[in-house]
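These are my notebook entries on a single model, kept in the order in which I looked things up.

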Amino acid sequence: GHGWLAVGTDGAAPRRPLVVTSADGASWQAADGADAFRPGKGQLVTYGAAAGPSGYVIVGEDGLSAATWFSADLKGWERGKGIGGGGLNALPNSNRWLRSATGGAFGFAAAGGVRDATAPQATSNRPAVWISADGRQWALKQLPLPSGASDGVLTQIASRGGTLVAVGNGRDASGPVALGYLSADGGRTWRTVSLPTPDDAKNIQVLALTATGKGFAATGTTGGRGTLDVVSWTSADGTSWKASVPGGTGLGGAGDQQVTGLAAFRNTLLGVGGTSGQDGGQPILWTRPVE
């Protein structure tokens, strides 16, 4: 209602948050000079943002802990707080992080992960979501790994009404696998869902997720470095998913192709990403009808 919000991070060492706002989408102002974005326990990074009826949230990390910020109007910002031991602060010999957020009538939800200090370090990452009714106080919900998976984290979350979908990446005995979770009650309870692997696809990685007018859509990659092709998933309800490898210029072939951002506009799915090979790289702008 108050405009647009975009976040990221710079390439300096230590990294610092980049936060910009706009009332009209054309003129942008930096907001990361606010006191709320000063580093606290360590390196401060902003990764994701979302809007909801009550305002805006940003999610990221502060050193080994997860971090959130809230603004009602894109003018003043305050740091979020965790609720109890299941909040944002890292436990001893562990860490917590956030990568993506979504907002709706349910409040806000964010996706990321935690490190299980009791597990071997190579398989210690666990998927997790954080839920907030107001964008200011957050409660952790650690999610179980799917059967057969030994490790995994969440990288994207999206909502359509009270239905929330979170996706990410994990590993099982065969290698990298896509992770999916669904909540039908605004984030209070979650269950695993399967993002199928297309025929002949391997080393699957999920990169982007969005809600559409007809359900949800996600993109990722198949293949190895230098041979990445785009994978697409669609779902009407967040439970049952269909997978495909679209192919074509910018989506498949020699080199690496990736669609790393998605948005739905009216009846069209919009994707942005890049293609790169021996001759260099260039951006991808991809559109298709919403399924």
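**Entry 1**

I began with Phe37, which is buried, with a relative accessible area of 3%. I worked throughout from a predicted model. I then listed the aromatic pairs and found that the structure holds 3 of them. In one of these pairs, Phe37 and Trp69 are stacked, with 5.4 Å from centre to centre and 25° between the planes. I noted that this pair links distant parts of the chain, 32 residues apart: Phe37 lies in the loop between strand E3 (29-30) and strand E4 (44-52), and Trp69 lies in strand E6 (residues 65-71). I checked Trp69 for burial as well, and Trp69 is buried, with a relative accessible area of 0%.

Is Asp32 buried or exposed? I counted Asp32 as buried because its relative accessible area is 18%, and the cut-off for buried is under 20%. Asp32 is found in the loop between E3 and E4. Leaving aside neighbours within four places in sequence, I found Asp32 in contact with Arg16, Pro17, Leu18, Val19 and Phe37. For Val19 I also noted a polar detail: its backbone nitrogen lies 2.8 Å from a polar atom of the Asp32 side chain.

E4 and E5 pair in the antiparallel sense over 8 bridges, and a hairpin joins E4 to E5 through 2 residues. Within this pairing I located Gly48 opposite Val59 in E5.

On the other pairing of E5, I recorded 7 bridges that join E5 to E6, and these two strands run antiparallel. Here Ile58 has Trp69 in E6 as its bridge partner, and this is the Trp69 that stacks with Phe37. The hairpin of E5 and E6 has 2 residues between the strands, and in it Gly63 takes a positive phi near 65°.

Why do I describe strand E5 (residues 55-62) as largely enclosed by the rest of the structure? I do so because 8 of the 8 residues of E5 are buried.

**Entry 1: A charge over a ring**

I looked up Tyr47 and found the charged end of Arg99 over its ring, 3.9 Å from the ring centre.

**Entry 2: Nonpolar cores**

I then turned to the nonpolar cores. The largest has 16 residues, of which Val165, Leu195, Leu209, Trp233 and Trp241 touch the most other members. At least two residues of this core come from each of strand E14 (163-172), strand E15 (175-183), strand E17 (205-212), strand E18 (215-222) and strand E19 (229-235). Apart from this core I noted another, of 15 residues, among them Ala66, Phe108, Trp138 and Leu140. As general background, I wrote that nonpolar side chains tend to be buried together in soluble globular proteins.

**Entry 3: Gly281**

My last entry concerns Gly281, which is placed in strand E23 (residues 280-289). I counted Gly281 as exposed because its relative accessible area is 63%, and the cut-off for exposed is over 50%. Leaving aside its neighbours within four places in sequence, Gly281 is in contact with Thr275 and Ser276. I also took the separation of the C-alpha atoms of Gly281 and Gly255, which is 9.3 Å for residues 26 apart along the chain.

Note on methods: Residues are numbered from 1 along each chain as its sequence is written. This is a predicted model: local features need pLDDT of at least 70, side-chain atom pairs count only at pLDDT 80 or more; totals for chains, interfaces and linings use all residues. Side-chain values use heavy atoms; hydrogens and water are left out. Helices (H or I, at least four residues) and strands (E, at least two) are DSSP runs, numbered from the N terminus. Buried means under 20% relative accessible area, exposed over 50%, partly exposed in between (1.4 Å probe, protein chains only). Contact means heavy atoms within 4.5 Å. Rings of Phe, Tyr and Trp (its six-membered ring) pair if their centres lie within 6.5 Å; planes under 30 degrees apart count as stacked, over 60 as edge-to-face and the rest as tilted. A charge sits over a ring if NZ of Lys or CZ of Arg is within 6 Å of the ring centre and within 35 degrees of the ring normal. A polar contact is a pair of N or O atoms within 3.5 Å; within protein, one must be able to donate a hydrogen and the other to accept it, and residues adjacent in sequence count only if both atoms are side-chain atoms. Two strands pair if DSSP finds at least two bridges between them. A nonpolar core is a set of buried Ala, Val, Leu, Ile, Met, Phe, Trp, Tyr and Cys residues joined through side-chain atoms within 4.5 Å.
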